[in-house]
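Please look over the sequence and the fold before reading on. The paragraphs below move from one end of the chain to the other.

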Amino acid sequence: MKEISLEEVSKLQEGSFVMIDVRDEGLRAYGMIPDAIVIDIDTDTEDVLSQISELPEGKKYIFYCDVGRKTRDIDDSLLPTGREYYSLEGGYIGYVRASMADEKTQKEKQKKAEESIRKKFHKQLFTPFAKACKNYKLIEEGDHIAVCISGGKDSMLMAKLFQEIQRHRQCNFELTFLVMDPGYKKENRALIESNAAALGIPITIFESDIFDAVDTIEKSPCYLCARMRRGYLYSNAKELGCNKIALGHHYDDVIETILMGMLYGAQIQTMMPKLHSTNFEGMELIRPLYLVRESDICAWRDYNDLHFLQCACHFTETCETCHEDGTTSSKRLETKKLIAELKKENPFVESNIFNSVGNVNLDTVIAYKKDGVRHSFLDEY
């Protein structure tokens, strides 16, 4: 399929073309080009042809994926004839980068994003962020925190919230905004840099070859990748004089992890708000978005017209995604949908899942582990 640049698209008459998003549901949740329609080109061929045939004739049909490779490889000779088909050069990420390129636009975006945290989204974002930091003692006097930025909405917002809480000067601590490039495609790294510049986040970037290392792993590559990334972050943060690393897991990640552990791992466990590192002495991991809802993060992102990276490993070339804790997006998305269905009948289901691991009654538990040692109810029966 022949390519068309964003510059060429901008010169087309309004209404003369149709944007077609071929990415998966997980990637689309992170943003779409305005007025684009969705067609899953990986489904049944007849169904794809039927959807395209139903589109209005006499227009240019511009397909886009994440970076433009998938749509560029589409054989348009197999599509309905008599129509003009194009692949958007640079894909969705190219579109986002173009919208962030102007310096004036960057300053406006930073100002709006910061004001929205202080005003419109103060109750939804800053309040639970500050509450988690206080309740779980995540920020302490003299800390030097490495705010780990993956390029997604969660870590970018976390960076802005850290800047805001530091502005209050209630506690003296240092921040380093740390970005690891584990082998990103140039488009993805450029997107992270563009967003950081637009939001006024002074990032420190270091490189690793993690993606190459896990690229040939067939069994649980996402789990191995997550473990390796964690280790690299600890190591580099410690070299920079940090005593803590902050990750952008939020409330919904916590409840999904609890339920996934039960459904897929046959265990009851949670994602802790903070942890001591077992391999890096004196280092801690903290999760300051622990009480922040994902829907509120998305609302902040959309209100400020921000577009972030979701996942950029080699496995996303086909628009598959993974998660920081090593779970695949399909399992996490399935669990997310299950919780949403349960919430229709019980509006308290999310808070009940969250609170369940804080209300464990050991008198009614058959067995549990403490410091790696298994204990049975029969021990004291």
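Contact here means heavy atoms within 4.5 Å. This is a predicted model, in which local features need pLDDT of at least 70 and side-chain atom pairs count only at pLDDT 80 or more, while totals for chains, interfaces and linings use all residues. Residues are numbered from 1 along each chain as its sequence is written, and side-chain values use heavy atoms, with hydrogens and water left out.

Begin with strand β1 (residues 3–4), which holds I4. Helices (H or I, at least four residues) and strands (E, at least two) are DSSP runs, numbered from the N terminus. Leaving aside residues up to four places away in sequence, I4 touches V9, L12, I62, Y86, S87, L88 and E89. I4 has 6% relative accessibility and therefore counts as buried; buried means under 20% relative accessible area, exposed over 50%, and partly exposed in between (1.4 Å probe, protein chains only). F63 is 59 residues from I4 along the chain, and their C-alpha atoms are separated by 9.7 Å.

Helix α1 (residues 6–10) contains L6. At 25% relative accessibility, L6 counts as partly exposed. Residues up to four places away in sequence not counted, L6 touches L88, G94, Y95 and A98. L6 and Q163 are 157 residues apart in sequence, and 34 Å lies between their C-alpha atoms.

The next stop is a matter of backbone angles. Most residues other than glycine have a negative phi. D35, which is not a glycine, has a positive phi near 70 degrees. D35 sits in the loop between α2 (25–28) and β3 (37–38). With 79% relative accessibility, D35 counts as exposed.

Helix α7 (residues 122–135) has 14 residues and reaches 18 Å from its first C-alpha to its last, close to the 20 Å expected at 1.5 Å a residue. The expected span of a helix is 1.5 Å times one less than its number of residues. L125, F126, P128, F129, A132 and C133 are buried in α7. Just after α7, K137 takes a positive phi of about 50 degrees.

Helix α11 (residues 221–239) can be read in the same way. This helix has 19 residues and spans 27 Å from its first C-alpha to its last, close to the 27 Å expected at 1.5 Å a residue. Its buried residues are P221, C222, C225, A226, R229, R230, L233, Y234, N236 and A237. H250 itself is in the loop between β9 (244–246) and α12 (251–265), and counts as buried because its relative accessibility is 1%.

K153, D154, E294 and I297 also take part in a contact between two helices. Two packed helices are described by the angle between their axes and the distance between the axes. Axes are lines fitted to C-alpha atoms, for helices over the stretch in contact, and angles run from 0 to 180 degrees between N-to-C directions. The axes of helix α8 (residues 153–167) and helix α13 (residues 294–303) come within 10 Å and cross at roughly 80 degrees. The two helices α8 and α13 are therefore roughly perpendicular to each other; angles under 35 degrees count as roughly parallel, over 145 as roughly antiparallel, 65 to 115 as roughly perpendicular and the rest as oblique. On the α8 side K153, D154, L157 and K160 meet E294, I297, C298, W300 and R301 of α13. By class, this contact of α8 with α13 has four nonpolar, no polar and five charged residues. Ala, Val, Leu, Ile, Met, Phe, Trp, Tyr, Cys and Pro count as nonpolar, Asp, Glu, Lys and Arg as charged, and the others, Gly among them, as polar.

In α13, E294, I297, C298, W300 and R301 are buried. Viewed down the axis of α13, its buried residues fall within an arc of 160 degrees, so they line one face of the helix. The arc is that of the directions from the helix axis to the C-beta atoms. The loop between α13 and α14 (329–345) holds D305, which counts as partly exposed at 45% relative accessibility.

Y251, D252, V254, I255, I258 and L259 in α12 meet E350, S351, I353, F354 and S356 in α15. By class, the contact of α12 with α15 has seven nonpolar, two polar and two charged residues.
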